Amino acid sequence: MRPPATLTDGVVVLRELREDDRAVVLSTMGDELVHTWLNMPAEPRDADFDSLIRAAREGRVSGDRIDYTVTEAGSDVALGAVIASRRARDNYEVAYLAGAAGRGRGYMTRAVRLLCEWLFQEGVGRLELRTHPGNEPSQRLAERAGFQREGLERKSIWLHGQRQDAIVWSLLPDDPRYAREAPKGV
Ligand SMILES: CC(C)(COP(=O)(O)OP(=O)(O)OC[C@H]1O[C@@H](n2cnc3c(N)ncnc32)[C@H](O)[C@@H]1OP(=O)(O)O)[C@@H](O)C(=O)NCCC(=O)NCCS
């Protein structure tokens, strides 16, 4: 699998993480909402960005992790990230996060859709997501991106040093997509 350098729907552009994203990415890592729902360092440092950019580069080479930076078309500022990680049986697990400037605009749903459509084009047969039961914005995004809720996995994720329950979501290539959107042009 060779992820293209960019993916776009004309509104958002997904591109690779770059060295000059360091300051904005460290700020996103330290964002309160991001820190609430993801295992980010309490005080992100340069070494955290170094690890991230290394993981993104190595993941692309091995195919185990496809990591895209989310930007707005015409801007190039890193607003967030979408990541697909290869799991057992060639399932891919999708994750996402955005800083305050990237939230509340529909950009992350667009980014997740782009990544999912590309993975399906590449022949992936099952995409998964795991959300914390308390993370309502993430669940709304999963629904907007067409994921179906499968059930609760008990104590299956680690958050801030504790095992927590997770809602499991999946999207298959033939699933109806984006069914929950209001029809346009009516
Ligand atoms: C999960 C997360 C990425 C969702 O971000 P988001 O901004 O809510 O998602 P989108 O970019 O798709 O934006 C959709 C929101 O923008 C609103 N919006 C405003 N203008 C819009 C427009 N023109 N088009 C579409 N949506 C618009 C939508 O109503 C929606 O808000 P709602 O869910 O309250 O109704 C964000 O909350 C986040 O980064 N959280 C911290 C990290 C995290 O929890 N990651 C997931 C771990 S499982």
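Predicted model: local features only at pLDDT ≥ 70, side-chain atom pairs only at ≥ 80, totals over all residues.

Reader: Where is Lys155 found?

Author: In strand S7. The backbone of Lys155 has a positive phi of about 50 degrees, although Lys155 is not a glycine.

Reader: Let's zoom out. How many helices and strands are in the chain?

Author: Five helices and eight strands. Along the sequence they follow the pattern β-β-α-α-α-β-β-β-α-β-α-β-β.

Reader: What does the sheet look like, and in what order do the strands come?

Author: The eight strands make an open sheet with mixed pairing, in the order S1-S2-S3-S4-S5-S6-S8-S7. S1 and strand S7 (148–159) are at the edges; each has a single partner strand, so one side of each has no neighbour in the sheet. On average, neighbouring strands of this sheet are turned by 30 degrees against each other, direction ignored.

Reader: Take me through the S1 end. How many bridges join S1 to S2?

Author: Three, and the two strands run antiparallel; S1 is residues 6–8 and S2 is residues 12–15. Together S1 and S2 form a hairpin with three residues between them. In that turn, Gly10 has a positive phi of about 95 degrees.

Reader: Which residue in S2 is the bridge partner of Thr6?

Author: Arg15. In S3, the bridge partner of Arg15 is Thr69.

Reader: What else is Arg15 in contact with?

Author: Leaving aside neighbours within four places in sequence, Arg15 is in contact with Ala5, Thr6, Tyr68, Thr69 and Thr71. Arg15 counts as partly exposed, because 17 C-beta neighbours lie inside 10 Å.

Reader: What separates Arg15 from Arg154?

Author: Their C-alpha atoms are separated by 35 Å, and the two residues are 139 residues apart along the chain.

Reader: Back to S3. Is that strand covered, or what?

Author: S3 is mostly covered, with seven of its eight residues buried. S3 spans residues 65–72 and runs antiparallel to S2, with four bridges joining the two. Six bridges join S3 to S4, and that pair is antiparallel as well.

Reader: Which residues stand opposite each other there?

Author: Leu14 stands opposite Val70 in S3. Val70 in turn stands opposite Gly80 in S4. Elsewhere along S3, Glu72 is opposite Val12.

Reader: Changing topic: the ligand. Which residues come nearest?

Author: Of the 20 residues around the ligand, the nearest are Trp37, Arg103, Gly106, Met108 and Thr109. The elements that give two or more residues to the shell are helix H2 (32–37), strand S5 (92–98), helix H4 (107–121) and helix H5 (136–144).

Reader: Which of them gives the most?

Author: H5, with four residues.

Reader: What is the shell made of, by class?

Author: Eleven nonpolar, six polar and three charged residues.

Reader: Last topic, the overall dimensions. What does the C-alpha trace span?

Author: About 45 × 40 × 35 Å along its principal axes. The chain has a radius of gyration of 16 Å, which agrees with the value near 16 Å that a compact globule with 186 residues would have.

Reader: How much of the chain is buried?

Author: Buried residues make up 28% of the 186 residues.

Reader: And what share of the contacts join residues at least 24 apart?

Author: 56%, among contacts between residues at least 6 apart in sequence.

Note on methods. Residues numbered from 1 in each chain as written. Pairing = 2+ DSSP bridges. Axes fitted to C-alpha atoms, helices over the stretch in contact; angles between N-to-C directions. Near = placed C-beta within 6 Å. Nonpolar A, V, L, I, M, F, W, Y, C, P; charged D, E, K, R; others polar. Rg over C-alpha atoms; globule rule 2.2 N^0.38 Å. Buried ≥ 20, exposed ≤ 12 C-beta atoms within 10 Å, placed from the backbone. Contact = placed C-beta atoms within 7 Å.
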